[in-house]
Amino acid sequence: MAQPDNKKLFENLTGAGKAIAVLTSGGDAQGMNAAVRAVVRMGIYVGAKVYFVHEGYQGMVDGGDNIKEATWESVSSMLQVGGTVIGSARCKDFRSHEGRLKAAHNLVHRGITNLCVIGGDGSLTGANLFREEWSGLLAELVQQELIDEEAAQKYSALHIVGMVGSIDNDFCGTDMTIGTDSALHRIIEVVDAIMTTAQSHQRTFVLEVMGRHCGYLALVSALACGADWVLIPEMPPEDGWEEKMCQKLSAKRAGMKRLNIIIVAEGAIDHNNQPITSEHVKNLVVRRLGFDTRVTILGHVQRGGTPSAFDRILASRMGVEAVMALLETTANTPACVVSLCGNQSVRLPLMECVQMTQEVQKAMDEKRFEDAVRLRGRSFENNLRTYKLLAHRKPEIELPHSNFNVAVLNVGAPAAGMNAAVRSAVRVGISEGHKMFAVNDGFEGFYKGQIKEVKWADVGGWTGQGGSLLGTKRTLPAKYIDKIAEQIRKYNINALLVIGGFEALECLLQLNEARAQYEEFCIPLCMLPATISNNVPGTDLSIGADTALNAIVETCDRIKQSASGTKHRVFIIETMGGYCGYLASVGGLAAGADAAYIYEEPFDIRDLQSNVEHLTEKMKTSIQRGLVLRNESCNENYTTDFIYQLYSEEGRGVFDCRKNVLGHMQQGGAPSPFDRNFGTKIAAKAMQWISKKLNESYRQGRVFANTEDSACLLGMRRRAMVFQPVVQLKDDTDFVHRIPKEQWWLKLRPLMKILAKYKTSYDVSDSGQLEHVTLHRPRESTAAI
């Protein structure tokens, strides 16, 4: 008997007769334009009228040309632009009752009763107050004969949905706010550049980053660059911190390190709530140590520049969710904010989030700093814990002694962030009392005995390095299983951490099978997914994929810009990924592609023809450039050359064509802030799991672990980090094409198509549930970097 189809489809929701206004308010943040674009195009797609409100709440109060109807073309080419093209302003008028009365009149005049606000907690609180006063404001307008009773009845309810745009990531209820990842990109670019000059002159640099009330940017950038010291408002340093900091800087120099980096949040305070300025820190270092010290205040550089791939995707997903929330809202639905939890979009009551955000400041004012950290959420707590673990080495006498030896190796193709993961694993392992060994060149180096003990200082400066410093090969262990077992005996290896892509999964499966014959492999085995292709089952994200996405998006931006001012042009771009279409699909969404061809979604000549016709229609409007992405293995016959020639021929007279194969540039470069932090945190968690398993399986003077759950992959699934036995992942895997059988990002493909003006089906069954803010969310989420 056929099961009833309970799918909720986006195309079944209608916006006919509705008007949506979108505005950006407060401080600008990269990615706001992507959110505006998504709201406008989704609104128009479902048949609603969409309006821009220029200059934030000021434009709403002033009315006139500040409130304009948006068209599909009016948001073209804004995806890659930083800041907000519709303007933002802090508005005193809207804080007064008279100002809000004017704003209500301007909205009713245009029939607008749906408001999408992109801003910080102040902007969203103002929107909620406006909603609560709405019926009273309409009554006043009727009384003043500015609107009639019929209009007051027709527009009796105002619906509000918020998206948080703030580089500080200071809003409770969401793992990431729009703009935070891009701000981290700006900070890390500066830190990486400063490190080279600091190294040359043996200097100490004090970097001041934004964050008046929130230390997220300072903390995460310190974690991403391996800073020597960080000062944040949520966790003031203990009394005597000056002496401890100087001792640490001095010890680093004595250990032949030529530079020191100190990161200070602009709102950093001591235990008496007195400010700690970057100038004070500089003077302290100069006075006590005599080091050549410089201060760099990053300031508004952090707000500028193009949005990162992460922010574009986050903002696009949030914009779509915001329109759905407005379509589904009723008069009794509370104002909600669209948030990110783990890898999922969720809706939360706006005022619950605002109240918890205000609780953080209250806790800091009352010197309840531990509560402030806890209120920030699990992600912030985990960042702080991981930083402390990695940055501050305990003296030898304070370290536990486990007598366990743990080996770390990389397998498969290099991926940016691998080195950050190795550094984290080594340092956490040493902190847990283990002896850490590094294996060069994967399992090929393992069987050849290229194994050496690695110390704390040996991995200093690894976080920002691209590629694999240990060396990595695709060699699988099965062929050399005897020799590998011999090396495990020789070095008395008690646990193995394998960092790599699909090959790493195959390696763990082979080692697990070898347990039946070789006791040497009856030890805890853990794998961390690291591949630009993001094709490993058991995880939504892999180390290295974010860096590759940014490389693709930056290149697509430049390629599109190369056609500005010329005739109509379409670019065919080939991406890597093997048979996995993650880079092509998600890169396409972030770059504003018109189509993305992938293996997972079969296509034929009719689809290609339809795409050409669609682009031809678009080119007859004001849109001048088209972008088509093709995964390298999407189809053996419809090659990049074939698609290029087809588009060139069929588009003759309307547009011309160019093609680019991005190749290995997607694999190179310094890791993005996300990959540095994802690698760092996931490796720390893996080492703690290994320690736990070692203690559980230690019997009669040796380690013996041969259960299913002692050979695991650590991955991110939806909202949580999960250890999954590799044996259980076999059924979820297509080994021929080296991809998981189910891939979460396929649900994002209709989103890319809708934003490119294709009629398509979009399953939104996961959306629509209004959740509540909880102090303790489900386990640590690393979508927040």
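Is phenylalanine 674 buried or exposed? Phenylalanine 674 counts as buried, because its relative accessibility is 4% and the cut-off for buried is under 20%. The model is predicted.

Phenylalanine 674 has a ring partner. A search of the whole structure finds 17 aromatic pairs. In one of them, the ring centres of phenylalanine 310 and phenylalanine 674 are 5.6 Å apart. Their planes meet at 35 degrees, so the pair is tilted. Look next at where the two residues sit. Phenylalanine 310 belongs to helix α10, residues 309–328. Phenylalanine 674 belongs to helix α22, residues 673–697. The pair therefore ties together parts that are 364 residues apart in sequence. Phenylalanine 310 has a relative accessibility of 13%, so phenylalanine 310 counts as buried too.

Now turn to phenylalanine 603 and tyrosine 638. Their ring centres lie 5.7 Å apart, with the planes at 35 degrees, so this pair is tilted. Here the partners are in loops. Phenylalanine 603 is in the loop between β19 (595–597) and α20 (605–619). Tyrosine 638 is in the loop between β20 (625–631) and α21 (640–650). The pair thus ties together parts that are 35 residues apart in sequence. Phenylalanine 603 is buried, at 12% relative accessibility. Tyrosine 638 is buried as well, with a relative accessible area of 18%.

Rings can also join in a group. Tyr57, Phe94, Phe130 and Trp134 form a cluster linked by ring pairs.

Arginine 253 places its charged end over the ring of phenylalanine 291, 4.3 Å from the ring centre. Lysine 759 has its charged end over the ring of tyrosine 45, 4.4 Å from the centre.

Definitions and conventions: Residues numbered from 1 in each chain as written. Predicted model: local features only at pLDDT ≥ 70, side-chain atom pairs only at ≥ 80, totals over all residues. Heavy atoms only, no water. Phe/Tyr/Trp six-rings, centres within 6.5 Å; stacked < 30°, edge-to-face > 60°. Helix = DSSP H or I, 4+ residues; strand = E, 2+ residues; numbered from the N terminus. Buried < 20%, exposed > 50% of the residue type's maximum accessible area, 1.4 Å probe, protein only. Lys NZ or Arg CZ within 6 Å of the ring centre and 35° of its normal.
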